[in-house]
Amino acid sequence: MLGADAMARCLKEENVGVVFGYPGVAICPFFNSMLSVDIERVLVRTEQNAAHMASGYARISGKVGVCVATSGPGATNLITGIATAYADSIPIVCITGQVDSGQLGSDVFQEADITGAVESFVKYSYLVKNVEDIPRIFREAFHIASTGRRGPVLIDVPIDIQNAVISRFVYPAEVNLRTYKPTVKGHTEQIKKVIKAITGSKRPIICVGGGVHLSDATYEVRNFAHKYGIPVVSTLMGLSVMPTNDPLYFGMVGNNGKPYANKAMNESDLIIMIGARVADRAISQPDLIMDNTVLVHIDVDPAEIGKNVGPHIPLVGDIKAIFEEINKYDAECNCADWVETLNGYKADAPQRKKPRAEYVDPAVFITMLSEKLNDDAIYVADVGQNQMWSCGYHIVKNGRFLTSGGMGTMGYSIPAAIGARAAEPQRQIVAVCGDGSFQMSMMELATMQQHGLPVKIIIFHNGYLGLVREYQYHVYKGHYSVVDLSGSPDFGKLSEAYGIPFYKLKNMEGASKVLDDFLSCKDPALMEVMIDPMDVVK
Amino acid sequence: MKRLYSVLVENRSGVLMKVAGLFSRRMFNIDSLAVGETDDPNVSCITIVSSGEKNTLEQIEKQLNKKIDVIKIKTFNEEESVSRELILVKVKYNKSTRREIMEICEILGASIVDMSKNLLTIQLCDTPERTKLLIQMLASISIVEVARTGVLALQKCSLSD
């Protein structure tokens, strides 16, 4: 058995269903060995998207996503995808080929120090120096990626190690890392303090973040909120923890969030942060919260607690485990008046200004789209104005909302949607992007066609990098620089070239019918939606 | 505020880069850094002196703890530690300064470990304050070059230990 066979066997042992990758000489032994295991291999069109697909796959399947690239440029192309996964704590394992270990450090063809280059974007990385270490390293890598605070792990394997003979393949049953023992169970005393704080609170609020999804604790957290009738707001990454129309749900916080969600945070006397980082986009001035509010911060990563704001009650552990425990306790909480107050704020929220009628109104369009989507549909938003409109107007029923939150990586939606499709082929999946972000990953249309991973794609076409244009309008008095997207292709012809059915919506007239046709046709399909070039998020 | 971190790490290649990289990426200060094997050849000890606000100093410890190659961290203030630094100072001398240099060495307990017609190399192993003092005293005479190890530290023994 060769090192490469051992690598493929390890993936089988980890129950990996699919790898997203791109070959090159330095990873060829591995891809050759993959022929003899029954794991799907998806050829992407650029490596960055292999990492995004692994991310989309991981977020929907709850398993570790796997992407593979060759040495040098293949590996460095992965970095943006790895950094994106790191920022949102998505569990992926990245396997890279490397030049012959005897030549490491001598700048031979396609050599890049990838473990060094990704150091600040990975949870851990390995450079395999001995073929006998492969089973242990793979076992550890999958364990590290999928436990504690999730995140990417990279394994760099020199070609001579892939070609070396491994004397004995034993996949370790257990991981024994003396330095890595993440906390799962919440401290009982701290849990009791949380219960006591709820009992004493008149205006409690729960703020959910991406950690709730990562811990698969949606059910437990919803139960917790409903048990006491505590209102809930969400960060960008926490969207779809709560259904939008849940009477206890009050929208997204932050500078692009709902004003009443921010108001709820500011006026509450008890904030329960669950799996959220209290980052700059969500809470503009974290220190302001503290004055007369009790802050409970629940997170799996002790370093997040107190990083941006000092909590009164820190609680470290896995969110699912913690809420299974918390839900066994009983507290006195009567905050119906508070919910009533918040409903008043919600009713008074200013309406969005209507754009010109000759274009599609993104707010109305997204609301209409989400009403027509299946109950458990997956909605993947890209980055930019399209993302902010999606956050604001997509109505989540019981599906998922995915986007690149921490890193804000343009071009995420299409590969992430393809990865989600690989995880759950039966589910309805829609990627919504702008004409800018679409052109950052449109090469993957070929990937989805080739591998039978079709998704529905909606392009918001306004001819601008809209969010930056909006910024330049406000900050640079409308002096636009490098935001005009003239030169974009005819998206209809492009769809035709890829053999993808095409729909186009110029304004809201007949929108319902076009959307019905688009959603009911067989996957894939692409829809171009014309947006007022001067339309703004707020 | 100064703080000392005695960080036990797995003795693997790249670990120093990971620890030092963490400091640069998160804008933490490194006042000094020293690294060496411990009595266990699989374990190295990195001694870091850092300074910053209380919050930052706490974050340093938490972020170090997240590194999978980090086995254990002990942190302490200067007063709670026995700390030493080795320093080598090369100075230019002539007839008129030689006597003064030797007096400084004598007072501070430093020794002259190498010399030529015009140059002297002085060695001192002492607390960071004393090594700093040596440099200050020699600065007026003409220092050619300085090499120092960075601070090594262990927590003070308490009577109950």
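Helices and strands here are DSSP runs, a helix having at least four residues and a strand at least two. Read that way in this predicted model, chain B follows the pattern β-α-β-β-α-β-β-α-β-β-α-β-β along its sequence. That comes to four helices and nine strands. The C-alpha atoms of chain B fill a box of roughly 55 × 40 × 35 Å along the principal axes. Of its 161 residues, 24% count as buried.

Where they meet, seven residues of domain 1 of chain B are in contact with seven residues of domain 2 of chain B. On the domain 1 side, strand 1 (2-10), strand 2 (32-37) and strand 3 (43-51) of chain B each supply at least two residues. Strand 2 of chain B gives the most to that side, with three residues. By class, the domain 1 side of this contact has four nonpolar residues, three polar ones and no charged ones.

The contact between the chains has its own make-up. Here 15 residues of chain B are in contact with 14 residues of chain A. On the chain B side, at least two residues each come from helix 1 (15-25), helix 2 (54-66) and strand 4 (70-76). Helix 2 of chain B gives the most to this side, with five residues. Sorted by class, the side of chain B that touches chain A holds seven charged, four polar and four nonpolar residues.

Turning to chain A, the domain assignment gives domain 1 (3-163), domain 2 (188-347) and domain 3 (362-530). Domain 2 and domain 3 of chain A have their C-alpha centres 30 Å apart. Their contact takes ten residues from domain 2 of chain A and eleven residues from domain 3 of chain A. On the domain 2 side, the residues that touch domain 3 of chain A divide into five nonpolar, five polar and no charged.

Within chain A, strand 4 (residues 92-98) and strand 6 (residues 153-158) run parallel and are joined by six bridges. Gly97(A), for instance, has Val157(A) as its bridge partner in strand 6 of chain A.

What about the nonpolar interior? In soluble globular proteins, nonpolar side chains tend to be buried together. In this model the largest nonpolar core has 169 residues, and Cys67(A), Ile82(A) and Ile92(A) touch the most other members. Helix 4 (residues 73-87) of chain A gives the most to this core, with eight residues. Setting aside neighbours within four places in sequence, Cys67(A) is in contact with Val19(A), Phe20(A), Gly21(A), Ala50(A), Ala51(A), Met53(A), Ala54(A), Leu78(A), Ile92(A) and Cys94(A). There is also a second, separate core of 15 residues, with Val9(B), Val70(B), Leu152(B) and Ala153(B) among them.

A last stop in chain A is His143(A), which lies in helix 6 (residues 134-146) of chain A. A residue needs 20 or more other C-beta atoms within 10 Å to be buried, and is exposed at 12 or fewer. His143(A) has 18 C-beta neighbours inside 10 Å, so it counts as partly exposed. His143(A) and Asn507(A) are 364 residues apart in sequence, and their C-alpha atoms lie 50 Å apart in space.

Technical notes:
Residues numbered from 1 in each chain as written. Chains lettered and ligands numbered in written order. Predicted model: local features only at pLDDT ≥ 70, side-chain atom pairs only at ≥ 80, totals over all residues. Contact = placed C-beta atoms within 7 Å. Nonpolar A, V, L, I, M, F, W, Y, C, P; charged D, E, K, R; others polar. Domains from an automatic or database assignment. Pairing = 2+ DSSP bridges. Core = buried A, V, L, I, M, F, W, Y, C linked by C-beta atoms within 7 Å.
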